[in-house]
Amino acid sequence: ANLKLTEADHGVSFHETCCFALHLASTYDQVNAPELACLEVLSRSLQLAQWKWRDRAIANSPSSNDDSSFLFMGSSSGRGNLCICPALNSWIGEEMHKEAL
């Protein structure tokens with residue numbers, strides 16, 4: 001999907017930096033990225049950034065719904081079809097449904 005994002009759009013440079021850091025970790029540093037908690041947080045941040053752009057993928061309009069950001073980051077709400085794992089997307093929906101009850 002063409003999201004028509006530019007360098008000036010919110011989160012674009014952050015997304016690029018996260019991708020570059022993951023690339024360096026797995027190629028240059030040759031660490032086992034899936035075993036490192038710090039890189040999991042980076043991966044979740046990437047998915048969160050892309051999740052925020054999901055509306056643009058459908059209708060070219062940015063999303064402003066940040067209510068469930070904490071679910072992607074693996075923290076509590078008190079602490080703060082792009083490249084998003086389908087199972088994670090389903091899990092987020094289930095968690096949001098539980099909170100609504």
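View A. Among what covers the buried residues of α1 is α2. The model shown here is predicted. The residues of α1 that are buried are V12, H15, C18, L22 and A25. Around the axis they take up an arc of only 160°, so they sit on the same side of α1. In an α-helix there are 3.6 residues a turn, so residues three or four places apart point the same way.

**View B. The other face of α1 carries T17 and F20.** Both T17 and F20 are exposed. They lie on the face of α1 turned away from its buried side. The helix has 16 residues. From first C-alpha to last, α1 reaches 22 Å, close to the 22 Å expected at 1.5 Å a residue.

**View C. α2 and its buried residues.** Buried in α2 are L39, S45, L46, Q47, L48, A49, Q50 and W51. This helix has 16 residues, which should span 22 Å at 1.5 Å a residue. The end C-alpha atoms of α2 are 23 Å apart, which agrees.

**View D. Q30 in the loop between the helices.** Q30 lies between α1 (12–27) and α2 (37–52). Is Q30 buried or exposed? Q30 is exposed, because its relative accessible area is 63% and the cut-off for exposed is over 50%. What is the phi of Q30? The angle is near 55°, a positive value in a residue other than glycine. Most residues other than glycine have a negative phi.

Definitions and conventions:
Residues are numbered from 1 along each chain as its sequence is written. This is a predicted model: local features need pLDDT of at least 70, side-chain atom pairs count only at pLDDT 80 or more; totals for chains, interfaces and linings use all residues. Side-chain values use heavy atoms; hydrogens and water are left out. Helices (H or I, at least four residues) and strands (E, at least two) are DSSP runs, numbered from the N terminus. Buried means under 20% relative accessible area, exposed over 50%, partly exposed in between (1.4 Å probe, protein chains only). The expected span of a helix is 1.5 Å times one less than its number of residues. The arc is that of the directions from the helix axis to the C-beta atoms. Contact means heavy atoms within 4.5 Å.
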